[in-house]
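These are my notebook entries on one structure.

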Amino acid sequence: MNTFLLADLANPNVVIQTVLPEMILAVTGIFIMVYDSYVPGKQKVTATLSLIGLAASAVALYMLWVEPLTFASGFNGMILTDVIRLSFTAVFILVAALTILISTVWVDNEKVPAGEYHVLVLFATVGMMFMASGNDMVIIFLGLETLSIATYVMAGMRKTDLRSNESAMKYFILGSYASAFLLYGMALIYGATGSTNITEIAASVGSATFPALLLVGGALLLIGFGFKVATVPFHVWTPDVYEGAPTPITGFMAAGPKAAGFASFLRVFVLGFPLVAGGVAAQYLHESWVTALAVIAILTTTVGNFAAIVQNNVKRMLAYSSIAHAGYALVGFVGAGVAATAAARDEAIAAVAFYMLTYAITNLGAFAVITLLARKNDRRTDFEDYNGIGFKSPVLSFTLSLFMLSLLGLPLTAGFIGKVLVFRPALEAGQTLLTVMVVVAVVNTAVSAYYYLRLIVVMFFKERNTDWIAPKIPAAVGVALLVTVLGVFYFGLFSNNVIRAFTSVAEKPAVSASNSK
Amino acid sequence: MEPSLETYLALSGILFAIGSVGVIYKRNAIGMFMCIELMLNAVNLSFVAFARHYGDVTGQLFVFVVMAVAACEAAVGLGIIITFFRNRESIDVDDASIMRN
């Protein structure tokens with residue numbers, strides 16, 4: 001054992017280029033933190049620096065994208081450059097950049113310490129990126145906690161606001177509770193297979209030392225990840241946390257951490273617990289997680305949509321809508337789990353990533369408008385506050401309507417093609433339960449029309465009794481709105497380009513993940 | 001005679017169960033947080049037991065990572081609880097009830 005250890009130490013397989021996108025962002029974050037402690041409160045400077053860091057990180061990601069084989073894996077197989085990593089990392093960078101643009105107006109209004117806020121966004125993004133790139137449970141756990149701890153603080157950013165305090169506390173307690181379950185699941189999987197590396201776990205699930213632990217560990221991981229991506233019955237924290245958190249941060253939480261949760265959820269279950277010939281326990285494990293997730297997807301879409309109908313607060317309504325969207329993404333997830341070939345699996349994974357991309361861009365656009373309309377103190381988020389503003393502020397109300405229609409999944413918008421792509425793999429499998437799941441999801445899409453259209457009706461057709469002055473649209477938020485509106489149409493019309501870019505990595509033959517042993 | 005792997009796993013499972021029931025049962029935010037720490041340490045015990053069983057250091061390294069993360073979580077969590085206490089003069093989670101359906 002000692003010689004083996006020494007050999008590993010002598011060749012730690014450090015390939016900095018493999019983690020360059022993450023490194024750039026982490027260094028930018030540390031730099032801003034130091035800068036902010038000397039020259040505090042320069043929101044423009046720290047925002048610009050963060051955006052530059054994100055752009056540099058995007059360039060590094062692009063370099064990985066064109067040459068995925070050179071840096072296919074690093075750090076003894078702990079980091080893996082594959083379709084999950086590249087597609088989801090692109091989503092995270094976009095989410096972080098849009099969040100920084102959207103929150104400029106809120107940072108000004110609320111006198112939030114700008115530097116700290118931008119640093120937290122960057123560190124949360126680094127955590128998300130490691131969740132997508134980590135091919136080892138240690139890295140996934142570290143990424144998850146980096147993300148979660150930064151997000152707990154962001155939820156409580158308005159220190160004097162009772163709702164923000166409450167949101168942060170609920171998020172913190174339930175989030176760490178879920179982390180403990182996730183961690184126990186990781187421990188049992190390690191115990192069952194003797195490895196924390198996802199590729200090695202996949203290779204040894206068929207011949208696990210303790211097959212029973214494999215099943216218990218899988219169930220605990222399901223609970224932990226279920227909490228993080230907010231699936232029913234682990235969704236109870238979502239409405240309160242999303243309502244109480246400051247509005248731009250709610251948008252960030254619904255788009256980024258949810259996508260990151262899906263990235264590692266996909267990696268652990270679809271790639272880590274595949275269907276292997278032979279092992280009875282492995283077959284049973286695969287069968288039970290697919291069934292469990294199909295049932296959870298049915299529950300999640302139904303509960304999310306029906307609970308959203310009765311909400312009177314727009315943020316709370318969008319919180320339930322985000323639960324429903326996690327359910328739609330789960331449909332694609334299950335589709336990836338039952339895919340017959342590796343190519344079909346990668347395509348289904350790319351479909352889930354594309355779905356999270358369309359959801360993120362639509363949702364952040366909607367939250368940009370809601371942030372502007374919430375004004376100072378971040379309070380005006382009830383449906384009543386939207387009464388009759390339609391023609392008084394046409395730009396905001398028409399863009400918000402567009403985002404609602406995209407969330408609903410109207411053809412020509414991004415939301416429609418996203419749904420089609422995630423529903424297809426599950427339908428093609430031809431199993432009864434999966435077909436039922438897709439049918440339930442489609443019926444629920446029709447149900448969701450009620451509450452998305454309600455907001456549009458309220459804006460354009462309700463009378464308003466009080467005076468209302470349209471908020472000014474600052475340049476940064478204007479840019480974010482432009483990007484999101486164009487994104488909704490671009491992804492709706494040219495989804496093929498994006499899917500091809502996402503799967504292009506998979507077409508090149510993947511190098512064996514762990515080249516150390 | 002030295003305890004077997006099963007003994008450690010059983011102890012770890014019992015500690016985890018006590019912690020998770022405690023989080024649901026407790027109404028005091030600090031108490032809930034302590035129960036979560038108990039759960040994390042129960043998991044650490046499992047990791048070390050497995051690492052010893054396999055003669056592999058990965059499990060022990062995982063424990064270091066978990067301990068570091070738990071320390072960060074404690075710092076942030078206590079900060080959040082203190083902010084809550086300042087505004088509400090209570091750390092009873094039942095008082096965190098402005099937002100309800």
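I take axes as lines fitted to C-alpha atoms, for helices over the stretch in contact, with angles running from 0 to 180 degrees between N-to-C directions. Helices (H or I, at least four residues) and strands (E, at least two) are DSSP runs, numbered from the N terminus.

The model is predicted: local features need pLDDT of at least 70 and side-chain atom pairs count only at pLDDT 80 or more, while totals for chains, interfaces and linings use all residues. Residues are numbered from 1 along each chain as its sequence is written, and chains are lettered from A and ligands numbered from 1 in the order in which they are written.

**Entry: helix pair**

I looked up helix α6 (residues 114-133) of chain A against helix α12 (residues 247-271) of chain A; they pack at about 20°, and their axes are 8 Å apart. I therefore record α6(A) and α12(A) as roughly parallel (angles under 35 degrees). α6(A) passes α12(A) in a left-handed crossing, meaning that the near helix is turned anticlockwise from the far one by less than a right angle.

For contacts I use C-beta atoms, placed from the backbone, within 7 Å. From α6(A), A:Ala124, A:Met128, A:Met131 and A:Ala132 meet A:Gly256, A:Pro257, A:Ala260, A:Ala263 and A:Ser264 of α12(A). By class, this contact of α6(A) with α12(A) holds seven nonpolar, two polar and no charged residues. Ala, Val, Leu, Ile, Met, Phe, Trp, Tyr, Cys and Pro count as nonpolar, Asp, Glu, Lys and Arg as charged, and the others, Gly among them, as polar.

**Entry: chains A and B**

I find 33 residues from chain A and 33 residues from chain B in the contact. On the chain A side, α7 (137-155), α8 (162-193) and α11 (237-244) each give two or more residues. The largest share, 17 residues, comes from α8(A). I sort the chain A side into 18 nonpolar, eight polar and seven charged residues.

**Entry: A:Gly224**

I located A:Gly224 in helix α10 (residues 211-229) of chain A. A:Gly224 counts as buried because it has 25 C-beta neighbours inside 10 Å; the cut-off is 20 or more other C-beta atoms within 10 Å. A:Gly224 and A:Ser179 are 45 residues apart in sequence, yet 6.1 Å apart in space, C-alpha to C-alpha. Leaving out residues up to four places away in sequence, A:Gly224 touches A:Ala178, A:Ser179, A:Phe181, A:Leu182 and A:Gly185.

**Entry: α11(A)**

I note that seven of the eight residues of α11(A) are buried, so this helix is largely enclosed by the rest of the structure. The buried residues of α11(A) pack against α7, α8, α12 and α14 (314-337) of chain A.

Methods
Angles under 35 degrees count as roughly parallel, over 145 as roughly antiparallel, 65 to 115 as roughly perpendicular and the rest as oblique. Two residues are in contact if their C-beta atoms, placed from the backbone, lie within 7 Å. A residue is buried if 20 or more other C-beta atoms lie within 10 Å of its own, exposed if 12 or fewer, and partly exposed in between; C-beta atoms are placed from the backbone.
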